[in-house]
Amino acid sequence: MSRLLLLLGTLGTLGTLGGAVQDLAPPTNLRFDSVDYKNVLSWSPPANGSSLLYDVQWKIYGDPDWLDAASCRGTQKLRCDLSSETSVPREWYYARVPVITAPHTPAARISPPVLKLKVSQQKVVVQVEPPRLHIRKMHSSLQFKIYLTHPSGEEELFLVDPRSRKLTLHLRHRQRYCVQAQTQILLQAKSSARSPPTCVSTL
């Protein structure tokens, strides 16, 4: 049987929880369980953290460098099978479990509005629709930007009334124009990417 030791000085770190940076204490109650040469390291989460990520590391007694346990990097589990790393019976092994970070929810992305264009002589009516129902309910804080590209390549910016969600563009006849739209949520200071260009020719 391999001789298994635990490093008492397990490591904490800095992590993010809900966007705030805070100290993360090290895990506690580290122990090796060895049954039929299956060596499993287990631990308890620190008191000030939940849903943390851990990196399990090990080394042979006397070696200066810690090695990562490949199958237990960035794990949320509270156990790690180190049987392959600790398979030589005559060696003494150490293990430690640094807390690397707390996973955080990625920022929500905003989609560009859906464009509908109605073409008439020297006029294009632009209708914008938010792509998601819950975004539509935020109409009081929504703003839509319309980017009009002229035949010369010059770009012009317009703001759309969020209540009517319509914009009438008076243009030259028999010319090709391209339109893109962008959603902005003013209260959250968030913007979508521009929509793909929609190109039309006036009558």
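This is a predicted model: local features need pLDDT of at least 70, side-chain atom pairs count only at pLDDT 80 or more; totals for chains, interfaces and linings use all residues.

**Exercise 1.** How many disulfides does a search of the whole structure find? Determine what the link of Cys-178 and Cys-199 ties together.

*Solution.* 
Step 1. The search finds two disulfides. With bonded cysteines counted along the chain, their pattern is 1-2, 3-4.
Step 2. Cys-178 is joined to Cys-199 by a disulfide with an S to S distance of 1.9 Å. The link is right-handed, with 100 degrees about the S-S bond.
Step 3. Cys-178 belongs to strand β17 (residues 176-185) and Cys-199 to strand β19 (residues 198-201), so the pair ties together parts that are 21 residues apart in sequence.
Step 4. Cys-199 has a relative accessibility of 29% and therefore counts as partly exposed.

**Exercise 2.** Describe the pairing of strand β13 with β12 and with β16.

*Solution.* 
Step 1. Strands β12 (residues 114-120) and β13 (residues 123-129) run antiparallel and are joined by seven bridges. Opposite Val-119 stands Val-124 in β13.
Step 2. The hairpin of β12 and β13 has two residues between the strands, and Gln-122 adopts a positive phi near 60 degrees.
Step 3. Five bridges connect β13 to strand β16 (residues 166-170), again in an antiparallel arrangement. Leu-167 in β16 is the bridge partner of Val-126.

**Exercise 3.** Which side chain meets that of Glu-129 in a salt bridge? Locate both residues, and then examine a further pair.

*Solution.* 
Step 1. The count of salt bridges comes to six. In one of them, Arg-165 meets Glu-129 at 3.3 Å, N to O.
Step 2. Arg-165 lies in the loop between β15 (155-160) and β16, and Glu-129 in strand β13, so the pair ties together parts that are 36 residues apart in sequence.
Step 3. Arg-31 and Asp-33 also form a salt bridge, at 3.6 Å, N to O. Arg-31 is partly exposed at 43% relative accessibility, and Asp-33 is partly exposed at 36%.

Note on methods. Residues are numbered from 1 along each chain as its sequence is written. Side-chain values use heavy atoms; hydrogens and water are left out. A disulfide is a pair of cysteine sulfur atoms within 2.5 Å. Helices (H or I, at least four residues) and strands (E, at least two) are DSSP runs, numbered from the N terminus. Buried means under 20% relative accessible area, exposed over 50%, partly exposed in between (1.4 Å probe, protein chains only). Two strands pair if DSSP finds at least two bridges between them. A salt bridge is a side-chain nitrogen of Lys or Arg within 4 Å of a carboxyl oxygen of Asp or Glu.
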